[in-house]
Amino acid sequence: MNESMQLVLIYSGFQLLIGLVLAINAVKLRFKTQILLGDDGNTEMLKAMRSHGNWSEYSPAYIISLLLISLVQGPLWLIHTIGIMSFIGRASHAYGLNQEQDPNLFRQAGFILSVFTMLICVIALIYLGYTL
């Protein structure tokens, strides 16, 4: 296995770890509140659901981008950049979304970092597609 694919596996694993933590958080809250479907007007449940939902909306794009960049033998620095930035962005956003004070710095920074990382993915994929 080449180094770039190893990095994809590692960064994908870290991304999935965030999703696992967020899913466990939502399930624990469901048991605590006895809310089995939806949020029932409970703000804490809504935040747990949106944290997991937001992660689910962004993370697949990062993981697929990492895989595609690795498959075309893109630069390792690019894989590291996307892997690290996407992890920090999604973790920060999820943490911030679950805080009482909203908006807050963690949520805002996480969002900005996540969108900027997505922009890097877009530019990298298009560039690598044209230069092959």
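Which residues in α1 meet which residues in α3? Glu-3, Ser-4, Leu-7, Tyr-11, Phe-14, Gln-15, Ile-18 and Leu-22 are the ones in α1, and they meet Leu-76, Ile-79, His-80, Gly-83, Ile-84, Ser-86, Phe-87, Arg-90, Ala-91 and Ala-94 in α3. Here, contact means heavy atoms within 4.5 Å. This is a predicted model, so to speak of local features takes a pLDDT of at least 70, side-chain atom pairs count only at pLDDT 80 or more, and totals for chains, interfaces and linings use all residues. Residues are numbered from 1 along each chain as its sequence is written, and side-chain values use heavy atoms, with hydrogens and water left out.

**The overall layout**

- The chain has four helices and zero strands; helices (H or I, at least four residues) and strands (E, at least two) are DSSP runs, numbered from the N terminus.
- Reading from the N terminus on, the elements go α-α-α-α.
- Along its principal axes, the C-alpha trace spans about 55 × 30 × 20 Å.
- Of the 132 residues in the chain, 37% are buried; buried means under 20% relative accessible area, exposed means over 50%, and partly exposed is in between (1.4 Å probe, protein chains only).
- Take the contacts between residues at least 6 apart in sequence: 68% of them join residues at least 24 apart.

**How α1 and α3 pack**

- Helix α1 (residues 3-33) and helix α3 (residues 76-97) pack at an angle of about 5°, and their axes are 10 Å apart.
- That angle makes α1 roughly parallel to α3.
- For the terms: axes are lines fitted to C-alpha atoms, for helices over the stretch in contact, and angles run from 0 to 180 degrees between N-to-C directions. Angles under 35 degrees count as roughly parallel, over 145 as roughly antiparallel, 65 to 115 as roughly perpendicular, and the rest as oblique.
- Sorted by type, the residues of the contact of α1 with α3 come out as eleven nonpolar, five polar and two charged. Ala, Val, Leu, Ile, Met, Phe, Trp, Tyr, Cys and Pro count as nonpolar, Asp, Glu, Lys and Arg as charged, and the others, Gly among them, as polar.

**Leu-22, in α1**

- Leu-22 is found in helix α1 and is buried, with a relative accessible area of 8%.
- Leaving aside neighbours within four places in sequence, Leu-22 is in contact with Ser-51, His-52, Trp-55, Ala-94 and Asn-98.
- Leu-22 and Arg-90 are 68 residues apart along the chain, and their C-alpha atoms are separated by 11 Å.

- Ser-59 is found in helix α2 (residues 43-71), and its relative accessibility of 1% counts as buried.
- The side chains of Ser-59 and Gln-15 make a polar contact (2.7 Å). A polar contact is a pair of N or O atoms within 3.5 Å; within protein, one must be able to donate a hydrogen and the other to accept it, and residues adjacent in sequence count only if both atoms are side-chain atoms.
- Beyond its neighbours within four places in sequence, Ser-59 touches Gln-15 and Arg-90.
- The structure holds one salt bridge, meaning a side-chain nitrogen of Lys or Arg within 4 Å of a carboxyl oxygen of Asp or Glu.
- Glu-57 and Arg-50 form that salt bridge, with the closest N and O atoms 3.1 Å apart. Arg-50 is partly exposed, at a relative accessible area of 33%.

**Spots in the loops**

- Gln-34 sits in the loop between α1 and α2. It has a positive phi of about 60° although it is not a glycine, and Gln-34 is exposed, with a relative accessible area of 59%.
- Gln-73 lies in the loop between α2 and α3. Its phi is near 60°, a positive value in a residue other than glycine, and Gln-73 is exposed at 68%.
- Asn-104 is in the loop between α3 and α4 (105-131) and counts as buried, at 10% relative accessibility.
- A polar atom of the Asn-104 side chain lies 2.7 Å from the backbone oxygen of Gln-101.

**Phe-111, in α4**

- Phe-111 has its place in helix α4 and is partly exposed, with a relative accessible area of 42%.
- Leaving aside neighbours within four places in sequence, Phe-111 is in contact with Tyr-58 and His-93.
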